[in-house]
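Please look over the sequence and the model below before reading on. The report is written for a reader who wants geometric values together with the criteria behind them.

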Amino acid sequence: MLPFVWSDECLRHEPQAEVWIGTRTPATEVPARALAIRDALLAAGAQEIPAVPHDDSALLAVHDPALVGFLRTAWDEWSAADLPSDRVVPYIFARAELTSGRVPATPTAVWARPGLFAYDTMTLIGPGTWEAARAAVDVALTAAGLVGNGERVAYACCRPPGHHVTRSLYGGSCYLNNTAVAASALLERLGGPIAVVDIDAHHGNGTQEILRDRGDVLTASVHVDPGAGWFPHFLGFAAESDDANLNLPLAPGTGDEGWLAAVREAAAFAAPARALVVALGVDAAAGDPESPLEVSARGYREAGRILGELGLPTVVVQEGGYDLATIGPLVVETLTGLAR
Ligand SMILES: [Zn+2]
């Protein structure tokens, strides 16, 4: 009976769309994702645990209070301003070079404020976005609490995902970094080092940048090569690897064999840790519309087995995965491998 943590609040975020290369396209990070995962877990006999509310202390250990404050009020301020867009979307960005490194002014215009905190145009904020993102943090913290109290594996059904969010910037369909919050909470509870292994199809850039310089967290990410033209484009390269961080970029088209070899390498890197957080994206699967990797369901089960063999207390945090027909079964496969 593997415990999985759930909150209905995570369904409240409805981005509707993404603005990608100037074009408004339908959102892929939809509430049905979480419902599909929940259905598959219940059918597989997993035990649903309701998320417990937590205060902001763990959240503020990994995020700039200004980002959290912005997200909390962004929709209310935007909707009160009666703007032509039905979602919060940036149009101007406060790049550090714009002010020669000085702290930029807080814009008077509500429609300019997202540019202080967003790093892309595809991560829209609407009614319910804050409530869902904040609930996902509670889901992650509840799962971390279960593992801190002796459960070997707990799964956090977080939505929206979080691994692209840095300390002070949101993007990549992510608002708050659930994985980094879980790692920080485990660190507090169990001591270091803690390892984070990210097997989402995309590089866990936010998690890497938040955690890598702490000295008590090991971060590893297996993902499609950003050099082949994939998000997050600016980082995720092998050259960023050091004693505390391992990036394993893979060529588009990589299937089970190459992907699992990288997962084994990431697991070996994580082995010295006292506890593990798995950032589980199932978008590396063949057939997922958001990535060119070709991993099978059997591959995900084997990845779970490899990570489970470490024998570490493990929190699994949901990240990406966009094929509604397979997202649930793929999560079940991974957890089955992990919890054996
Ligand atoms: Zn992804």
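This is a predicted model: local features need pLDDT of at least 70, side-chain atom pairs count only at pLDDT 80 or more; totals for chains, interfaces and linings use all residues.

Residues are numbered from 1 along each chain as its sequence is written, and side-chain values use heavy atoms, with hydrogens and water left out.

**The zinc site**

The zinc ion is coordinated by Asp 200 through OD, His 202 through ND1 and Asp 283 through OD, at 2.0 to 2.1 Å. Donors here are N, O and S atoms within 2.8 Å of the metal (3.2 Å for Na, K and Ca), and since water is not among the atoms, sites may look incomplete. Along the chain, the donors of the zinc ion follow the spacing D-x1-H-x80-D. Asp 200 lies in the loop between β6 (194-198) and α6 (205-211), and Asp 283 in the loop between β9 (275-280) and α8 (297-308), so the pair ties together parts that are 83 residues apart in sequence. Helices (H or I, at least four residues) and strands (E, at least two) are DSSP runs, numbered from the N terminus. Asp 200 is buried, with a relative accessible area of 1%, and Asp 283 is buried at 0% relative accessibility; buried means under 20% relative accessible area, exposed means over 50%, and partly exposed lies in between (1.4 Å probe, protein chains only).

**Two helix pairs**

Two packed helices are described by the angle between their axes and the distance between the axes. Axes are lines fitted to C-alpha atoms, for helices over the stretch in contact, and angles run from 0 to 180 degrees between N-to-C directions.

Helix α4 (residues 129-148) packs with helix α5 (residues 178-190) at an angle of about 30°, their axes being 9 Å apart. That angle makes α4 roughly parallel to α5, a label given to angles under 35 degrees, with over 145 counted as roughly antiparallel, 65 to 115 as roughly perpendicular and the rest as oblique. The crossing in which α4 passes α5 is right-handed, a crossing being right-handed if the near helix is turned clockwise from the far one by less than a right angle, and left-handed if anticlockwise. On the α4 side the contact (heavy atoms within 4.5 Å) includes Ala 133, Val 137 and Leu 141, and on the α5 side Val 181, Ala 185 and Leu 186 are among the partners. By class, the contact of α4 with α5 has twelve nonpolar, three polar and one charged residues, where Ala, Val, Leu, Ile, Met, Phe, Trp, Tyr, Cys and Pro count as nonpolar, Asp, Glu, Lys and Arg as charged, and the others, Gly among them, as polar.

The second pair, α8 and helix α9 (residues 327-339), packs at an angle of about 35°, with axes 6 Å apart, and α8 likewise passes α9 in a right-handed crossing. Residues making the contact include Tyr 300, Arg 301 and Leu 307 of α8, together with Leu 330, Glu 333 and Leu 338 of α9. The residues of the contact of α8 with α9 divide into five nonpolar, five polar and three charged.

**Backbone exceptions**

Most residues other than glycine have a negative phi, and most peptide bonds are trans. The following table lists exceptions.

| Site | Feature | Value |
|---|---|---|
| Gly 192 to Pro 193 | cis peptide bond | omega about -5° |
| Phe 231 to Pro 232 | cis peptide bond | omega near 10° |
| Gln 16 | positive phi, not a glycine | phi about 70° |
| His 233 | positive phi, not a glycine | phi about 60° |

Pro 193 lies in the loop between α5 and β6, whereas Pro 232 lies in the loop between β7 (217-224) and β8 (245-250), and His 233 is also found in the loop between β7 and β8. Gln 16 is in the loop between β1 (3-6) and β2 (17-20). Gln 16 is partly exposed, with a relative accessible area of 46%, and His 233 is partly exposed at 42% relative accessibility.

**Two buried leucines**

Leu 59, in helix α2 (residues 57-60), is buried with a relative accessible area of 0%. Not counting residues up to four places away in sequence, Leu 59 touches Val 68, Arg 134, Val 137, Leu 176 and Val 181. Leu 307, in helix α8, is buried at 1% relative accessibility, and with the neighbours up to four places away in sequence not counted, Leu 307 touches Val 197, Val 263, Ala 267, Leu 276, Val 278 and Leu 338.
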